[in-house]
Amino acid sequence: LAVHIMFTYNLIVAPAATGDNSSLAYKTSDSGDTNPNSQNQVYGKLASDQFNDALHPAFQWARGLTIAGYSDWYVPALNELALLMYNLGPNWTTASAFQFGTGAEALATGTPYWSASENPSNLNAAYNQQATNALVQSQLKSFTVRVRAVRRQLA
């Protein structure tokens, strides 16, 4: 007997003014974490909780946020980040708050955003994604790029 339980979540994007950091490293060194949470591409809170320390500035920053009374913010996993880019990226969204050039919540163009997902074929690197063209790339962890915090709740 197999039982399948599915949950639907809302992915909540932090406000740009308080939940977007323009320059953070994934990690202070280019070394692998090798914990299964670091390679999770579905739910970034697992890695954000696991690596909430001074060696992982992006995770420490996101987990330290309290916005609108919520303190469960985290760095999105690769799949969560892809949802943001495809649904709220400047070339695809119809949500006025996220439209490039005019929207107060718009994702920044010209720079990638970190995901919480380490690259399993190069443990010295992690994935990030561009808002402008949704390009996913693998970058050394000590490189500094943007981070946009998210949280999720049951729909």
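The exercises that follow concern a predicted model.

**Exercise 1.** Determine what the average pLDDT of the chain is, and where confidence is lowest and highest.

*Solution.* Next, turn to the individual elements. Confidence is lowest in helix α4 (residues 78–88), with a mean of 91, and highest in α3, with 98.

**Exercise 2.** Locate His56, decide whether it is buried or exposed, and list its contacts.

*Solution.* First, His56 lies in the loop between α2 (45–50) and α3 (57–63). Second, its relative accessible area is 3%. Buried means under 20%, so His56 is buried. Third, the side chain of His56 forms a polar contact of 2.8 Å with that of Asp53. Finally, leaving aside residues up to four places away in sequence, His56 touches Tyr26, Lys27, Asp33 and Phe51.

**Exercise 3.** Describe which way the residues of strand β3 point and how many of them are buried.

*Solution.* Recall first that side chains in a regular strand alternate between the two faces of the sheet. In β3, Pro112, Trp114, Ala116 and Glu118 point one way, while Tyr113, Ser115 and Ser117 point the other way. Then consider burial: seven of the seven residues in β3 (residues 112–118) are buried.

**Exercise 4.** State how β3 and β4 are joined, and identify the bridge partner of Tyr113.

*Solution.* Strands β3 and β4 (residues 125–130) run antiparallel and are joined by four bridges. Within β4, Gln129 is the bridge partner of Tyr113. The two strands form a hairpin, with six residues between them.

Conventions:
Residues are numbered from 1 along each chain as its sequence is written. This is a predicted model: local features need pLDDT of at least 70, side-chain atom pairs count only at pLDDT 80 or more; totals for chains, interfaces and linings use all residues. Side-chain values use heavy atoms; hydrogens and water are left out. Buried means under 20% relative accessible area, exposed over 50%, partly exposed in between (1.4 Å probe, protein chains only). A polar contact is a pair of N or O atoms within 3.5 Å; within protein, one must be able to donate a hydrogen and the other to accept it, and residues adjacent in sequence count only if both atoms are side-chain atoms. Contact means heavy atoms within 4.5 Å. pLDDT is the predictor's confidence in each residue, from 0 to 100. Two strands pair if DSSP finds at least two bridges between them.
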